[in-house]
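Let us walk through this structure together, one region at a time. Keep the sequence and the model side by side as you read.

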Amino acid sequence: MASGESARIVIAGGGIIGLGIAYHLAKAGVGDVLLVERNQLTSGTSWHAAGIVGTLRPSLNLTKLSLYATELFPRIETETGQSTGFRRTGGLWLASNEDRLTEIRRIAAMGDLVDVHARVLTPEELAEKIPFMRTDDLAGALWVEEDGQASPVDICMAYARGARDGGVRIREQTGVQAVETANGAVTGITLSTGEQVRCAAFVNCCGAWAPLLDTGGFVPVPVQPVEHMYVVTEPIAGLPQPFPVTRDLDNRIYIKEDAGKLVIGGFETNAKIWDPAGADGDRPFLEFPEDWEQFEPFMEAGLNRVPALEHSGITHFMNGPESFTPDTRQAMGESPFLKGYFVAAGFNSIGMMSSAGVGKAMAEWIIGGEPPMDLWEVDVARFDPECSTKTFMASRVQEAVAAQYDLHWPYKQMKTGRDLRRSPLHDAFAADGGVFGVTASWERPFWFAEDPSERGFAYSFQDQAWWPAARREAQAVRDRAALIELSPFTKIDVSGAQALALLQYLCANDIDMDMGRTVYTQMLNRSGGIEADVTVTRCGENDFRIVSAAATRWKDMAWIARAQAELGTSAAVLDVSDDEAVLGVMGPNAPALLNDLAGGDVGAAFPFGSSREIGIADISVRATRVSFVGEAGLELYVPAQAAAAVYAALRGAGAALCGHFALEACRLEKGYRHWGHDIGADDTPLEAGLGFAVAWDKPSGFLGRDALMRQREAGVMRRLVLFAVEDGHPLLVHDEPIYRDGAPVGLTTSGTNGFRTGLSLCFGYVPVEPGAPREAAYEGRYEVGVAGERFGLKPLPRPPWDPDGARMKEWSP
């Protein structure tokens, strides 16, 4: 390629992920693609992958991505003539105790929604199915019929052949020296040969080496490689065919068969960190020295599970790099820090089985500019940039590796890499008994302990140890006035003569309101899906404040910036999230308490949805009258340096404390939606019951309006419904299956106990006939499945707590 040539899309990395994306771009008719590999195809980590194909994942969309492999791998073999080695073997997830059995029962339920045949086996059924394994120390197992295995190298070659057939150019022995940018967007790359290639999109599929690409510091990629080990035995006579892929979760090993031999590997608690920038980082087909001391626990676990191993030798000890992310989910999508820069890396040992679904989704994302489904849980934009530092990743990665086979407890918190972000009120909350967890890298008080017995996380699939504290705090919100830590909110100031035009385009509601008013609105994508759930306050004629969730900080900034580039406006957009602490002061006593502290400045004339400056402890703060708990109160936006003084004044005036878990319970009792759970990019305001926040007739229109209008005319095909459990109090979190008249129809999106109402509550989408009235969603006999047991559900047309909003609207200083 001569200097100055171009490609529409450049992919860096000739492993299974990069090749999977190239193949799907070609299948979509995009042939103007260049894939470069600095060594040989597959020579990074793909060549030594274990080759396991699993189908069930923690969420519906991730399960769909994985399941697509079982469709594509046989088809691409026929299409290209290149064998993939795919065969369905079935899979076993072994449980050594009742807690693990509960976990796999919850996982099994996902199969009902995607036609995967998954069932829990008793120890007796398990012994009959796998007589060659020891089973007397097991509590049971999950059998997944669609699981299987394949050859990673063969799949790579099939992808490569299919991509080339579609016009994709593939160059080996050619790396990327630098990514060229201008005005916040990718413009091209410089190859290791010195050649310049212009491109509109660049895709980083460099796996363990993904963080090393030179982008001028624009794009953090939170990936850390470790040494990953497995052994291959001598041939073992009498192995069943097919041999089920087996995950012995509590002993941290996996076992699969390969040509009459067994492959045994695992995920330890003390993984050995590897630096890809070191001396051997450029070597293709890299293998590390054998480490039998590190591998010994896996070998002992294998001997325990398959006694025949005692008489079999080892033919190969494989030790190669494998990359992990901080939360054990891959990083994919367009970087929020650089337009046109896409990432697909950090696959946490599931790259091969993810390559089909991820390849297809990434191709559609790159072509269309938006993900083809809600992929927020794996979106690279979810990561705080601080998560990409070497210090953080070195502290977190061992726990991330171990988490592959750890019990996935509800509400589980990582122990390492903590204190990335603390609010100015952290020490004050800690002194008052705060028990902290992490949301979006922020330390937040999840509840407040009254004595040492309430201070720890005691994980369970049953009643939660923090429920008594959360109940106490919810009652304080109900009966008194309580402080809620809201400082992690994303806070974005938009100003300038074109600020209103930009926000009117972005927001579905009407932002042209009086100064000092706050409006609740969504920002939509072109399909009408909800990209952001925010409040907007008009602070001046041309000055606006957007407030959104902590988790979407980087995503929201990118969404606004890219809309501005599309419109050609020049409003100033400033992230001020770290400049202010935010305290919610909520409860029936909040108006009087605040009025006393403000010297009478919080009088009766403070209507809901208004916002203005008030003084507390001689400090000017912005007070906004909104509520996420359904009680009267204000959100106070306080300069960070003055937060401790305001907190002390509020506590001194008698304000109680309310943690994050009680806040979540209160918002569900009011039927308030949570972006990332109940609403997201796949969900429209009409489906989510948020049509009241859409200004259909505002003259400027808004992004997503055309799609939303079409849906309004055709009628929605599903609706979000709030349910209460009729019999019992099971632990509801999210992704539990919902059944209507015995058939699976959806999943819960969020759930918890409501401590003011005494109800177990959950949200979930259910299908309806287009044009059917809202009441049609409430018809039928509903149930929710929790770990194999079903509980009756009662649809709630109105929220169970203060359905008319009288308590929230009451203002009596």
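Beyond its neighbours within four places in sequence, S495 is in contact with N542, D543, A571 and A572, where contact means heavy atoms within 4.5 Å. S495 belongs to strand β25; helices (H or I, at least four residues) and strands (E, at least two) are DSSP runs, numbered from the N terminus. With a relative accessibility of 23%, S495 counts as partly exposed, on a scale where buried means under 20% relative accessible area, exposed over 50%, and partly exposed in between (1.4 Å probe, protein chains only). The C-alpha atoms of S495 and R471 are separated by 42 Å, and the two residues are 24 residues apart along the chain.

A word on the ground rules: this is a predicted model, in which local features need pLDDT of at least 70 and side-chain atom pairs count only at pLDDT 80 or more, while totals for chains, interfaces and linings use all residues. Residues are numbered from 1 along each chain as its sequence is written, and side-chain values use heavy atoms, with hydrogens and water left out.

How many of the 8 residues of α12 are buried? The count is 7 of the 8 in this helix (residues 499-506), so α12 is largely enclosed by the rest of the structure. Those buried residues are A499, L500, L502, L503, Q504, Y505 and L506. They pack against β25 (490-495), β26 (518-524), β27 (530-540), β28 (543-548), α13 (553-567) and β29 (572-575).

Helix α16 is another enclosed one: 10 of its 10 residues are buried, so the rest of the structure largely surrounds it. Among them are H660, F661, C666 and E669. After α16 comes G671, with a positive phi near 75°.

Now for the aromatic rings. Rings of Phe, Tyr and Trp (its six-membered ring) pair if their centres lie within 6.5 Å; planes under 30 degrees apart count as stacked, over 60 as edge-to-face and the rest as tilted. By this rule there are 33 aromatic pairs. One of them, F628 with Y672, is stacked, at 5.8 Å centre to centre and 10° between the planes. F628 lies in the loop between β32 (619-624) and β33 (633-639), and Y672 in the loop between α16 (660-669) and α17 (705-714), so this pair ties together parts that are 44 residues apart in sequence. F628 is partly exposed, at 32% relative accessibility.

Finally, some backbone details deserve a look. Most residues other than glycine have a negative phi, and most peptide bonds are trans. The peptide bond from Q241 to P242, however, is cis, with omega near 0°, and P242 is placed in the loop between β15 (224-233) and β16 (245-248). S349, not a glycine, has a positive phi of about 70°. This residue lies in the loop between β21 (341-345) and α8 (351-368) and is partly exposed, with a relative accessible area of 26%. A787 has a positive phi too, near 55°. You will find A787 in the loop between β39 (782-786) and β40 (789-796), partly exposed at a relative accessible area of 21%.
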